[in-house]
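These are my notebook entries on one structure. I record what I looked up, entry by entry.

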Protein chains: 2
Amino acid sequence: MRRLVADKTKQLIRTHFLTYKSHHPSLASQSFFFSSYYSTSTSTTTFPSSMESSDSSHQLSLQTLNPKVLKCEYAVRGAIVTQAEKLQEQLKKDPKSLPFDEILYCNIGNPRSLGQQPITFFREVLALCDHPNILDKSETQGLFSADSIERAWQILEQIPGKATGAYSHSQGIKGLRETIAAGIEARDGFPANANDIFLTDGASPGVHMMMQLLLRSEQDGILCPIPQYPLYSASIALHGGTLVPYYLDEATGWGLEISELKKQLESSKSKGVTVRALVVINPGNPTGQVLAEENQKQIVEFCKKEGLVLLADEVYQDNVYVPDRKFHSFKKIARSLGYQENDLPLVSFQSVSKGFYGECGKRGGYMEVTGFTADIREQIYKVASVNLCSNLTGQILASLVMSPPKVGDESYEVYSAEKEGILSSMARRAKTLEDAFNSLEGVTCNKAEGAMYLFPRINLPQKAIKAAEAEHIAPDAFYARRLLEETGIVVVPGSGFGQVPGTWHIRCTILPQEDKIPGIVERLTAYHQKFMDEFRD
Amino acid sequence: MRRLVADKTKQLIRTHFLTYKSHHPSLASQSFFFSSYYSTSTSTTTFPSSMESSDSSHQLSLQTLNPKVLKCEYAVRGAIVTQAEKLQEQLKKDPKSLPFDEILYCNIGNPRSLGQQPITFFREVLALCDHPNILDKSETQGLFSADSIERAWQILEQIPGKATGAYSHSQGIKGLRETIAAGIEARDGFPANANDIFLTDGASPGVHMMMQLLLRSEQDGILCPIPQYPLYSASIALHGGTLVPYYLDEATGWGLEISELKKQLESSKSKGVTVRALVVINPGNPTGQVLAEENQKQIVEFCKKEGLVLLADEVYQDNVYVPDRKFHSFKKIARSLGYQENDLPLVSFQSVSKGFYGECGKRGGYMEVTGFTADIREQIYKVASVNLCSNLTGQILASLVMSPPKVGDESYEVYSAEKEGILSSMARRAKTLEDAFNSLEGVTCNKAEGAMYLFPRINLPQKAIKAAEAEHIAPDAFYARRLLEETGIVVVPGSGFGQVPGTWHIRCTILPQEDKIPGIVERLTAYHQKFMDEFRD
């Protein structure tokens, strides 16, 4: 009997996936380009042997888990990273056991893990807010700048009871939201409202919240760029919707074509999928392009015409490295086109993890939610309130990022030097790595105009593709795994982000400190040459 | 055409809810005892007028949102709190406009918002970890205790690159998890493993993660106590499962009877609902009971026999106020019964928000996950990794809570005095408020053996119930709203937690500072007498 139940459940899960695919023929290919390469995740078509041995439908096994969880994948922390961690442990125990002496994590936008130092002013204010007892002690003036002491007082005044240990309003401390709104106004030249700000633990929970709100079933779709940051594919999978891909044009520097958006929208309509929102990542992750103002205007008009929510991932707004590009928020673009608050539902995500500040571990961020009706806003507030509030340290940091020291403040010079030092160094590292990739046989790499990544295309020889197939992993995962094993360099295979079928990429961050870059270039070049020598057709 | 589409969608949503109810007749009553009283949430049976005017099925309106979001309710921050915030704004503008001069928030376990001071040692360590540049400066020794400086060094050594601004491992910093595991071992007398610890932003995200994993559809159920903390009902609704209620016995001090668990399990089976897990909140929220060891053993045996995951909400483990009760973790109970790692899937939730530390705003916590197979653990890890990691400040605090100063440490005496001061004061406040409630006409109130709440039962007169019905709100919400309007005291109606149909309760925290308690008792007593005089049958 138990066996029968187990078989029936397995059948049900299979049917679920088969049904899913037959309804969305265009998405069938996703199981390839979002393939789990040799990841720990369960793919949508194969089932691990542990399922076969389960003996009760209600006992815990992969087959009785929520299938949406099984379907979700997140390559940035996928199998290659797990393997890298194991190799790191091995190096600790036996430093001579591998052909390299350290693991170089180029897989994730985590600058502080690679030695980038924090912005002094931000950390001074955080420490004082954590332990306000020292604020009025004389020794404190020897340890902290005058404006950090003043700012800490100001912030504590904004927090009811000065209590950084209390749950705040579910959108975040009102005074901090006012500071952020003022920062947005200063950035855009258009009004911003503290009531539109929802402070979040990094940008990710905000994205999840919007997906949860918008996705009713797999008949609801979200237009996402391909390549995309896999938070989007993971979140859409977890919330049971459909990712409707639009392809960025690699040949024109990852250009975003409105004709492509239209084509994919029509195509999904014809398959019965209702597209609810458009995700735009600007500056691009993993692609590094910065959108031109004219292009942004077209995107706003497209969303307006089609009734789509515009989900604007703007977490790299402070990371622009080329003089001919400038970051413009989508809200600024919409307002400059004359669209007001009620004309267009628009969510802008910002994070303290990126920029030059790179405070990933503090998990701070916000979303600015405009153009939604009051009853929907109430629903967003309700979902936010179930988790009570985001962490106060992250909230404070988000206010600092949007309101840094100004000319005349004691910290201003140090702050400016730190900011300039980090951003100019990132620009140099981006250029060096870009040139290095472009010098490799069969590799082309677009410029990183912004963000923190390069996404070079690797024209893998057929022999390498066949070798990967023999190991049942994606060819770019094959390339990335060998790169790790031979050099200690960790990158993410392009298949984790999505790519035009038949093309292969890797994502490599520009974040290792500058003294490491020559070594990385050298190891990468030697590895690639050896790889090509082995597999060249 | 548009009108037609809108009508059709509305019909679909209605059908969804009707279908849901007809499949689960026992749950129909939930729409009453989890009723949204006069909340901002949409109830499952009525639709706001804005729906009628929507003109396109894909444009944003309540009817095109995820219906699971609409169904979710969270009373702790519901309509009464929203009204309280409005009244507070009014008081600010016009302090004489209301019959009271301040709002007293007894709705939420948020001690720091009511003046409770933080544990000095914890805050010293946090400040030093935030701004390690000052660690080796001479002024620092005048401002911080020697052991907080030493602990900060230790913690920074555990963090790769000393980088509190970096994303950590998705389960949290390994060294901090080792500290927590050692704290669990010291508490329980049984081994704990750092690999079983998942650090989270408070306990709530851990609960969501487990619900997401376990709930496939509304045919999957979770056994939850009634009354329950509404995070559970909210999370089950958001993840599309079914709350299977088991009633705590008010007459025996909110006793948890195994016969009741069995009855509800059988009943749900007969309705085609598969129960996946049992939630136990110990010490109880909102009910304040502390389970007896013998009772806990029965619960463990029940879960073992029925193949249920035991979700143990143990966030109030440090809040026990009566000498004849002691907190025992469910893991300790299971191990003492001889059940080992692989015998029973068990998740224990802990938080830095409760206890005597009360650091709600820092959003720290962990879940200890034992008894799951490696493949399921990989799925939990994957879901955790999509959000990268929990905030480092909360992670550090969780390690401090599980490893406070020891005898001989410079901070020990101050720490012990702070801890003892807070806990003994909470015990006094609990007793005073319990006595006050019990002295009111028609009110009975069980002892708060632990946690932070009283959940008195109010035998409301028929006339009051009719008056509430005339206003289309639950009778206890009617009582609570008038309490707010007349006294400024904010409590949560029992209908937000669930209660035996026909009984009425409120949840009142024991957290206002002691100098406020006499005033609260006085206002409450006067209000209640006036209320009864108006409505007595």
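How many residue pairs are in polar contact across the interface of chain A and chain B? I found 36 residue pairs, with both residues at pLDDT 80 or more. I took a polar contact as a pair of N or O atoms within 3.5 Å; within protein, one must be able to donate a hydrogen and the other to accept it, and residues adjacent in sequence count only if both atoms are side-chain atoms.

Entry on conventions. I note that this is a predicted model, in which local features need pLDDT of at least 70 and side-chain atom pairs count only at pLDDT 80 or more, while totals for chains, interfaces and linings use all residues. Residues are numbered from 1 along each chain as its sequence is written, chains are lettered from A and ligands numbered from 1 in the order in which they are written, and side-chain values use heavy atoms, with hydrogens and water left out.

Entry on the interface. I looked up the elements that give two or more residues to the side of chain A that touches chain B; among them are helix H6 (120-130), helix H10 (204-214), strand E5 (274-281) and helix H16 (392-401) of chain A. Helices (H or I, at least four residues) and strands (E, at least two) are DSSP runs, numbered from the N terminus. H15(A) gives the most to this side, with nine residues. The residues of this side divide into 38 nonpolar, 38 polar and 21 charged. In this division Ala, Val, Leu, Ile, Met, Phe, Trp, Tyr, Cys and Pro count as nonpolar, Asp, Glu, Lys and Arg as charged, and the others, Gly among them, as polar.

I then recorded the extent of the contact (heavy atoms within 4.5 Å). Chain A contributes 97 residues and chain B contributes 96 residues. The buried area between the two chains is about 7800 Å², and carbon and sulfur atoms give 55% of it. Buried area here is the accessible area (1.4 Å probe) that two parts lose on being put together, summed over both.

Entry on salt bridges. I applied the rule of a side-chain nitrogen of Lys or Arg within 4 Å of a carboxyl oxygen of Asp or Glu. Over all chains the count comes to 50 salt bridges. Two salt bridges are found across the interface of chain A and chain B. Lys362(B) and Asp130(A) meet in a salt bridge through their side chains, at 2.6 Å from N to O.

I found an open sheet of seven strands with mixed pairing, in the order E2-E8-E7-E6-E5-E3-E4. Two strands pair if DSSP finds at least two bridges between them. Which strands of chain A stand at the edges? They are strand E2 (197-200) and strand E4 (242-247) of chain A, each with a single partner strand, so one side of each is left without a neighbour in the sheet. Neighbouring strands of this sheet are turned by 20 degrees against each other on average, direction ignored. Strand E7 (residues 346-351) and strand E8 (residues 365-370) of chain A pair in the antiparallel sense over six bridges. Leu346(A) has Thr370(A) in E8(A) as its bridge partner. Helix H13 (residues 293-306) of chain A packs on the sheet, where it touches strand E3 (220-226), E5 and strand E6 (309-313) of chain A, and its direction makes about 165 degrees with that of E5(A). Axes are lines fitted to C-alpha atoms, for helices over the stretch in contact, and angles run from 0 to 180 degrees between N-to-C directions.

Entry on the sheet of chain B. I recorded a seven-stranded open sheet with mixed pairing, in the order E2-E8-E7-E6-E5-E3-E4. In chain B, Val347(B) stands opposite Val369(B) in E8(B). Helix H15 (residues 374-386) of chain B lies across E2 and E8 of chain B, running at about 20 degrees to E2(B).

Entry on the backbone. I noted a cis peptide bond between Asn285(A) and Pro286(A), with omega about 10 degrees. Pro286(A) is placed in the loop between E5 and H13 of chain A.
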